[in-house]
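Visitor: I would like to learn how to read a few features in a model. Where do we begin?
Guide: With the structure itself.

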Amino acid sequence: MTYQTIKIDKRNKGVAWITVDNPPANAIGEELMQELEAAADELTQEDSVRVVVIASNHPKIFLAGADLKGMNQNSGDHQDEENMIAMQSARMQACFQRFAEMPKPVIAAINGHALGGGCELAMACDFRIMGKGRIGLTELSLGLIPGAGGTQRMTRLLGRAKATELIFTAKQMEAREAEKIGLVNKAVDSEKLKTDTTAFAEQLAGGAVHSMGLAKRAINVAEGSVQQGLEVEANAFSETFLTDEPSIGLAAFFQKEKPQFNQ
């Protein structure tokens with residue numbers, strides 16, 4: 001398959017890199033999601049691929065979020081039987097879930113901002129190695145909630161108390177702070193991100209990768225139904241548009257102002 005928004009590079013020792021290259025900002029759109037899913041299928045089925053790394057070709061952004069402006073403009077149909085906003089949320093969840101369920105180790109090599117959707121994709125990976133940039137679930141600053149798995153994955157990673165704090169405050173963290181609380185596994189100097197990620201990926205590739213996949217399957221069901229949580233999140237995400245908070249938050253964002261939710 002020929003890809004337009006990603007590049008696949010199969011390297012030594014069975015390590016394959018998926019590099020997102022979707023200018024200008026690596027925004028999440030349907031084409032990118034389709035190609036990520038196709039890549040997940042391709043690399044899952046290829047026995048020679050033992051570990052997958054997800055990285056970015058953008059110098060400052062790991063992955064940007066969805067088209068929030070378009071989502072807000074189309075929110076007038078949110079009460080339709082087929083809730084389009086909930087469906088968009090579920091669409092992103094399903095894409096990222098492919099990597100959470102891939103029966104091989106998946107590493108996010110974060111070389112720039114991973115905010116909102118970028119953080120959600122990173123959390124769907126088994127490991128996060130981060131150099132420069134900031135990471136966090138920033139949706140509440142826009143009057144939204146995380147809608148691509150963030151409420152479920154951050155709670156499972158960090159526990160309810162810390163996840164609630166970070167989601168409610170829309171906190172952005174640099175690599176060292178994120179490592180300290182466990183949001184990323186390892187913070188590295190940005191110039192060493194590729195070499196350190198490669199070394200770790202090759203270490204994993206030398207192990208019992210098939211058994212890792214089986215362990216991953218068991219780990220994924222250790223804390224209750226992820227699917228049920230994702231369904232609740234998608235519907236809650238769409239319900240934010242029943243209020244004027246997204247309009248206030250998104251307008252302020254695009255005007256580079258601080259939102260005033262208490263007007």
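Visitor: How many bridges join strand 2 to strand 3?
Guide: Keep in mind that this is a predicted model. Six bridges join strand 2 (residues 15-20) to strand 3 (residues 51-56). The two strands run parallel. Within that pairing, Ala16 stands opposite Val52 in strand 3.

Visitor: What is the order of the six strands in the open sheet?
Guide: The order is 1-2-3-4-6-9, with mixed pairing. Strand 1 (6-10) and strand 9 (186-187) stand at the edges. Each has a single partner strand, so one side of each lacks a neighbour in the sheet.

Visitor: How is a pair of aromatic rings described?
Guide: By the distance of the centres and the angle of the planes. The whole structure holds two aromatic pairs. In one, the ring centres of Phe127 and Phe200 are 5.0 Å apart and the planes are at 85°, so the pair is edge-to-face. This pair links distant parts of the chain: Phe127 is in strand 6 (residues 127-130), and Phe200 is in helix 8 (residues 193-205), 73 residues apart.

Visitor: Which accessibility class does Phe127 fall in?
Guide: Phe127 is partly exposed, at 24% relative accessibility. Phe200 is partly exposed too, at 22%.

Visitor: What geometry do Phe253 and Phe254 show?
Guide: Their ring centres are 5.2 Å apart and their planes are at 75°, so this pair is edge-to-face. Phe253 is partly exposed at 49%, and Phe254 is partly exposed at 40%.

Visitor: Where does the charged end of Arg11 sit?
Guide: Over the ring of Trp17, 4.3 Å from its centre.

Definitions and conventions:
Residues are numbered from 1 along each chain as its sequence is written. This is a predicted model: local features need pLDDT of at least 70, side-chain atom pairs count only at pLDDT 80 or more; totals for chains, interfaces and linings use all residues. Side-chain values use heavy atoms; hydrogens and water are left out. Rings of Phe, Tyr and Trp (its six-membered ring) pair if their centres lie within 6.5 Å; planes under 30 degrees apart count as stacked, over 60 as edge-to-face and the rest as tilted. Helices (H or I, at least four residues) and strands (E, at least two) are DSSP runs, numbered from the N terminus. Buried means under 20% relative accessible area, exposed over 50%, partly exposed in between (1.4 Å probe, protein chains only). A charge sits over a ring if NZ of Lys or CZ of Arg is within 6 Å of the ring centre and within 35 degrees of the ring normal. Two strands pair if DSSP finds at least two bridges between them.
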